[in-house]
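Hi there,

Here is the structure I promised to pass on.

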Amino acid sequence: MAGAARAARNTRRSLYGLALITALAIIGIANHRLHWGRTISPHAATALHAATPALSLQDYEVVIDAKPIPGAAELSGITYDFDRDRLLAVSNDGPAEVVALSRTGEVLERYRLEGFDDTEAIAYMGNGRVAIANETLQRLNFVDLPPQSGTIDAKGAPFLTLGLDMHRGNKGFEGLAYDVAGDRVFIAKERDPRQLFEVRGVAASLGGRLQLALQDHTDWIDRDVSTGDLADVSFDPKTGHLVLLSEESKELVELDAEGHFVSSRPLAGRSSGLANDAPSPEGVTMDADGNLYVVSEPNLFYVLRRKP
């Protein structure tokens with residue numbers, strides 16, 4: 001009986017040992033595969049380890065391709081009016097105006113701009129208020145939209161001027177985005193150098209409580225964005241991510257809340273899904289459903305939707 005017991009114990013030890021070896025082998029293979037995935041595909045590794053969802057720009061398909069906006073000239077920026085579920089595009093030529101559009105690119109209202117110059121970007125802040133960027137002066141004007149088509153006058157409107165590298169001429173503020181929950185404006189400077197700034201406390205300060213804080217995120221751009229310039233920026237409240245647009249590179253780039261690269265998507269070439277390259281993409285924004293809208297000079301309108 002003692003011999004039989006010893007034999008049984010030895011058999012169990014052998015089975016345990018075999019199971020342990022097998023488990024270690026499986027773990028080793030899994031680790032090797034994960035490491036291999038990180039080595040050849042950083043995007044896949046990001047998806048495996050992401051703590052928050054991503055937009056995954058490569059998964060967006062073209063829904064509306066280069067639709068002309070009648071009567072618009074030199075569309076240079078676009079934003080989403082979440083209060084009225086519409087889009088607001090700004091033009092900087094003949095004459096400067098804000099054009100309200102449906103989500104399919106139909107003109108709803110027009111707001112003529114008086115006292116503005118070189119209007120390159122626009123961001124909707126809520127309750128009918130928008131920020132409009134003047135590129136050469138590197139100034140943000142904060143104005144209220146009329147209830148219907150009319151005139152918006154810069155005279156007397158509050159403004160914020162940063163005045164960075166003014167000697168470089170017309171290479172200033174090209175992009176704007178607003179984070180409602182965080183009360184912060186993101187400002188993209190076009191190039192020479194490309195820069196990204198965050199200004200906190202804007203709405204609070206406009207309400208009479210001065211509490212502005214400026215943060216320079218140019219290190220994000222230097223580290224993880226390889227495009228030639230920065231034409232616009234959009235903020236996604238669901239993920240906290242930014243979408244940057246490059247006019248020179250004809251590309252969209254997604255950064256996470258810490259400024260790390262997540263995904264990208266071309267607006268030119270076969271992989272773009274466009275019939276023709278976007279000639280001069282200048283503005284990008286996102287609606288509450290996560291759809292992306294791009295405007296390209298002179299007056300072209302694009303919609304991209306994430307594939308099911």
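Residues are numbered from 1 along each chain as its sequence is written, and side-chain values use heavy atoms, with hydrogens and water left out.

The protein chain averages a pLDDT (the predictor's confidence in each residue, from 0 to 100) of 85, and 81% of the residues score at least 70. Over residues 1-50, pLDDT stays under 50. Where pLDDT is low, the predicted coordinates should not be read in detail.

Four strands (DSSP runs of E, at least two residues) form an open antiparallel sheet in the order β1-β21-β20-β19; strands pair if DSSP finds at least two bridges between them. Its edge strands are β1 (60-68) and β19 (281-286). β19 pairs with β20 (residues 292-296) over five bridges, and G283 stands opposite V295 in β20.

There are 16 salt bridges (a side-chain nitrogen of Lys or Arg within 4 Å of a carboxyl oxygen of Asp or Glu) in the structure. One of them joins E97 and R110 at 2.8 Å, N to O, linking strand β4 to strand β5. E97 counts as buried (under 20% relative accessible area) because its relative accessibility is 9%. Another joins R184 and E198 at 3.4 Å; R184 is buried at 15% and E198 is buried at 2%.

Best wishes

Notes
This is a predicted model: local features need pLDDT of at least 70, side-chain atom pairs count only at pLDDT 80 or more; totals for chains, interfaces and linings use all residues. Contact means heavy atoms within 4.5 Å. Buried means under 20% relative accessible area, exposed over 50%, partly exposed in between (1.4 Å probe, protein chains only).
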